[in-house]
Amino acid sequence: AQRNEFSAYVLREQQTPFGLTLGNFKTFATSTPKGGIRGLWDADTDQIIFGAHQIAYRAGGAKTLFPHQITREFTFVPYAQIAEFAIAPDLRVTETFYVPHGPRHDRVVSFVVDVTVHNAGSVPASVQIFPWALLIGQRFYGEPEKKVRASTGERFIRSFGEESGWVRWWGGSRTPHALAVALREQTLLQGMMRGTIADEHLDEITPHLAEFSSSRIFGAFEYCIDV
């Protein structure tokens, strides 16, 4: 199928077991069948330098929907993967995943997930968006990166590898309602299920603290929008 593109494939989630792998001259990132990102690979080090990235949604006072509870329709084009789905009868979400390319971005190690929420109803609605991710890297055979320090700012989460010297910035174009880092993914997921991560008070994790969770560090944002 084509949607104003020279080459595009439109498939329901049940029809494809894979997402796209996209890249530029320096990096690539791979999508999962549920629209998440498996990790960000860097050519210079031949390692994954940013872990799995996923997004949950909450419409009004309804329960939070996690990726495994959402059914998508995918449009695959050469430069992007577009996922479309509903989070309420009148609320539809479009997630566009791509790796920056072009003369100014060919060697930029990053990926982007652009989120648009459309309200087809006549009544304004509030939506909470919860991106969360593993903030450390790993080798392809699974050994996690050591001695990583993660801290929160006003709009971004920064993770710094004290051994590797890598600095990673993760954030969005809006100022979040709340953001947090945690040693356990489940802590952040429980906050999303309750409707806010504002009660997760960790704003920095040191390498010493990370040793208690096998060097794994997670982060999350909470964005609140009216549509």
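Which residue in S10 does Tyr 98 stand opposite? In this predicted model, Tyr 98 stands opposite Val 112 in S10. The points below take up the strands around that position, then a second sheet, and finally the aromatic residues.

- Strand S8, covering residues 80–88, and strand S9, covering residues 91–98, pair in the antiparallel sense over seven bridges, and the two form a hairpin with two residues between them.
- Within this pairing, Gln 81 has Phe 97 in S9 as its bridge partner.
- S9 also pairs with strand S10, residues 112–119, again in the antiparallel sense, and here the pairing runs over eight bridges.

**The open sheet**
- Four strands, in the order S14-S13-S12-S16, form an open sheet whose pairing is antiparallel; its edge strands are S14 (167–171) and S16 (204–205), each of which pairs on one side only.
- Strand S13, residues 156–161, is joined to S14 by five bridges, the two strands running antiparallel, and the bridge partner of Arg 158 in S14 is Trp 169.
- In a regular strand, side chains alternate between the two faces of the sheet.

**Aromatic residues**
- The structure holds ten aromatic pairs, and one aromatic cluster is formed by Phe 50, Phe 97, Phe 111, Trp 170, Phe 221 and Tyr 223.

Technical notes. Residues are numbered from 1 along each chain as its sequence is written. This is a predicted model: local features need pLDDT of at least 70, side-chain atom pairs count only at pLDDT 80 or more; totals for chains, interfaces and linings use all residues. Side-chain values use heavy atoms; hydrogens and water are left out. Two strands pair if DSSP finds at least two bridges between them. Rings of Phe, Tyr and Trp (its six-membered ring) pair if their centres lie within 6.5 Å; planes under 30 degrees apart count as stacked, over 60 as edge-to-face and the rest as tilted.
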